[in-house]
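Let's take a friendly walk through the inside of this protein. Have the sequence and the 3D view ready as you read.

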Amino acid sequence: MRASLVIETWNLGCSVSAPGAVEAGLTALAARLGAQSLPLAELEDVVVTHDGLQAHARARLAARLGREVTWVELPHGSDYHRHKNAGFVASRGDVVAFVDGDCAPVPGWLERLLAPLARREVEVVAGATRYRAHPAALGQTAVDFPVFASPLASGAARGFFANNVAFSRAVFAARGYPELQGMFHGQCQVLGLELQAQGVVVRREPAALVEHAWPASAREYLALRLLRGADARAFTPHLVRAYAPRWTRASERLGALPALCTLGARAGHA
């Protein structure tokens with residue numbers, strides 16, 4: 001099996017206005033990847049997307065990763081999922097794993113994420129995500145990264161999160177993340193609904209764990225909550241069309257109420 005790893009830098013900031021933050025984040029990730037049980041040297045390629053990181057910084061990061069890197073530059077302002085899609089296009093592997101630049105994979109993460117694909121058991125594997133140590137981390141992890149069991153198969157999930165997932169090339173190439181206005185990070189959930197409707201099993205792999213950065217300040221935390229709320233509102237019509245299509249028109253006349261119900265259901269599940 002030829003495997004690729006795609007890393008985006010969108011979450012780390014702008015490579016032009018904040019190159020130090022981007023390089024520091026990728027350096028920390030490189031240290032985590034260097035401790036993986038599956039060496040990066042065994043991958044078909046490692047792809048990193050950015051919006052203008054300078055050549056000397058890219059050279060230092062490639063040295064820290066210990067291998068050649070395929071760098072993909074996108075225009076400033078490109079959104080998170082455009083980074084993901086562009087990284088996939090530049091990759092060459094039969095299977096492609098995705099991780100965010102601000103995440104910290106635990107030892108063994110990559111091997112566990114790719115193992116079901118290597119055994120050809122499934123075509124999509126969803127790893128687990130949790131926030132790093134913080135008094136509110138446990139509860140917020142359950143709200144922001146919930147896992148809902150799928151009826152398609154034992155050990156399957158209804159969706160996944162784009163910061164920790166792997167696909168067979170054929171499955172992702174046929175779909176990719178949709179271009180949706182008004183969404184922050186909800187495109188992966190929309191793709192998850194599409195996969196479920198088409199009978200594509202998303203295998204849960206809890207041991208393939210990454211830790212997500214906790215907001216650095218109260219202001220950043222509040223901004224994230226507002227963005228998550230906006231995502232819930234934008235995602236709710238897709239959810240209604242998938243599970244209660246007869247109520248689609250009625251829900252459109254109810255304003256924010258269906259989105260509040262979605263948030264309430266996630267909080268209750270958490």
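This is a predicted model: local features need pLDDT of at least 70, side-chain atom pairs count only at pLDDT 80 or more; totals for chains, interfaces and linings use all residues.

Is F172 buried or exposed? With a relative accessible area of 3%, F172 counts as buried, because the cut-off for that term is under 20%.

Beyond its neighbours within four places in sequence, F172 contacts N85, F88, F98, F167, Y177 and L191. V124 is 48 residues away from F172 in sequence, yet their C-alpha atoms lie 8.9 Å apart in space.

## Two nonpolar cores

The largest nonpolar core is made of 36 residues. Which of them have the most contacts inside this core? They are L5, I7, W109 and L114. At least two core residues come from each of β1 (3-8), α1 (19-34), β2 (45-50), α2 (55-65), β4 (95-100), α4 (109-118) and β9 (202-212).

Setting aside residues up to four places away in sequence, I7 touches L26, L29, L33, V46, V47, V48, T49, V99 and G101.

## Helix α4 and the residue after it

Helix α4 buries W109, L110, L113, L114, P116 and L117. Viewed down the helix axis, these buried residues fall within an arc of 150°, so they line one face of α4.

Just after α4 comes R120, with a positive phi of about 60°.

Note on methods: Residues are numbered from 1 along each chain as its sequence is written. Side-chain values use heavy atoms; hydrogens and water are left out. A nonpolar core is a set of buried Ala, Val, Leu, Ile, Met, Phe, Trp, Tyr and Cys residues joined through side-chain atoms within 4.5 Å. Buried means under 20% relative accessible area, exposed over 50%, partly exposed in between (1.4 Å probe, protein chains only). Helices (H or I, at least four residues) and strands (E, at least two) are DSSP runs, numbered from the N terminus. Contact means heavy atoms within 4.5 Å. The arc is that of the directions from the helix axis to the C-beta atoms.
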